[in-house]
Amino acid sequence: MIEVKPTLLKKIYRKRDAWVHKYDFGHLVIIGGSKRYSGSPTFNALAAYRSGVDLVTVFAPERAANIIATFKPDLIAYPLKGDYLKPNHLRVIFKSMKNVTGFVIGGGLGRKKQTKSAVIKFLKKVEIPGIIDADAIHAIADSVDVVKGKKFVITPHAHEFYVLSGKKVSTNLAQRIKIVKEVAREMETIILLKGHVDIISDGIKVFVNRTGTPCMTKGGLGDVLAGICGALIARGVEPLVAAQVAAFINGKAGELATNVYGEGLMASDVID
């Protein structure tokens, strides 16, 4: 077990060369949202920008995309026809993924059969690294082989971890570490189990992150974490390192926001 330290950030956030330009620090695609939910992909995108990625493109069903586009002019929101993600949307998404270096999928998608099918088909075809979060975790639960051998990070909370693996975790840290490592090894992937202490493992090594506060229970905080991690991956950071750094940043920002807002903390406060 290795504890995540802030020194990792210094290796990633180095002084920029004066002649860098757009795309040098990545282009992240976010696939999320539905008729009912627009906040999750918005949090993904805003957190990613604040983490230093150069460009973010959000693919979302029409109503969600139109709402997302109103938050900030920085956000590129591509509307997909209909109320939820379907397999026939993938052609448009892949056609638009030139120069894309990372992805986040899952926030606010919902769990309709066609949406789950679209998630599986996307993950089978995609060749770049990315983050599997929220409803996309539910989508892969019966098709876990889709993640094997690919540079993905799965970011479940305790219940999503149970859905994914069929294994329940307690608050006992040693037990959580053991089970996360076992599941990551079996699935041949990287898992970031969110909690009071975050557990990150690729099935070989295990890292723990202790930043954060008990006030970080609000909706949207997981989306912020996924956006940070997606940004780091899109910037070229190895997924196992990106997961550690994202957990640290999210928790530390949460600590700073808690100092100001206490129990009134919201996900947008953590982004700010």
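1. Strands here are DSSP runs of E of at least two residues and helices are runs of H or I of at least four residues, both numbered from the N terminus, and two strands are taken to pair if DSSP finds at least two bridges between them.

2. On provenance, this is a predicted model, in which local features need pLDDT of at least 70 and side-chain atom pairs count only at pLDDT 80 or more, while totals for chains, interfaces and linings use all residues. Residues are numbered from 1 along each chain as its sequence is written, and side-chain values use heavy atoms, with hydrogens and water left out.

3. As for the overall form, the protein chain holds eleven helices and ten strands, and its C-alpha trace spans about 45 × 45 × 40 Å along the principal axes. The radius of gyration of the protein chain is 17 Å, which agrees with the value near 19 Å that a compact globule of 272 residues would have; the radius is taken over C-alpha atoms, and the globule rule is 2.2 Å times the number of residues to the power 0.38.

4. Of the 272 residues, 55% count as buried, where buried means under 20% relative accessible area, exposed means over 50%, and partly exposed lies in between, with a 1.4 Å probe and protein chains only. The protein chain exposes about 12,900 Å², of which carbon and sulfur atoms supply 53%, the areas coming from the Shrake-Rupley method with a 1.4 Å probe. Among contacts (heavy atoms within 4.5 Å) between residues at least 6 apart in sequence, 65% join residues at least 24 apart.

5. The ten strands make an open sheet with mixed pairing, in the order β1-β10-β9-β8-β7-β6-β5-β2-β3-β4. Its edge strands are β1 (2-3) and β4 (76-80), each of which pairs on one side only.

6. Strand β2 (residues 27-31) is mostly covered, since five of its five residues are buried. His27, Val29 and Ile31 point one way from β2, whereas Leu28 and Ile30 point the other way. In a regular strand the side chains alternate between the two faces of the sheet. Five bridges join β2 in parallel to strand β3 (residues 55-61), and within this pairing Ile30 stands opposite Val58.

7. Strand β8 (residues 190-193) shows a like arrangement, with Ile190 and Leu192 pointing one way, Ile191 and Leu193 pointing the other way, and all of them buried. On one side β7 and β8 pair in the parallel sense over two bridges, and Val153 stands opposite Ile190. With strand β9 (residues 198-201), by contrast, β8 runs antiparallel and is joined by three bridges, Leu193 standing opposite Ile199; β8 and β9 form a hairpin with four residues between them.

8. A hairpin is also formed by β9 and β10, with four residues between the strands and with Gly203 in the turn at a positive phi of about 95 degrees. These strands pair in the antiparallel sense over four bridges, and Asp198 stands opposite Asn209. From strand β10 (residues 206-209), Val206 and Val208 point one way and Phe207 and Asn209 the other way, and all are buried.

9. Tyr23, in the loop between α1 (7-12) and β2, has a positive phi of about 85 degrees although it is not a glycine, and at 37% relative accessibility Tyr23 counts as partly exposed. Ala134, in the loop between β6 and α6, has a positive phi of about 50 degrees and is likewise not a glycine, but Ala134 is buried, with a relative accessible area of 14%.

10. Lys150 is found in the loop between α6 (135-140) and β7 and is partly exposed, with a relative accessible area of 25%. Leaving aside neighbours within four places in sequence, Lys150 is in contact with Leu123, Lys124, Lys125 and Val126. The C-alpha atoms of Lys150 and Thr189 are separated by 7.3 Å, although these residues are 39 apart along the chain.
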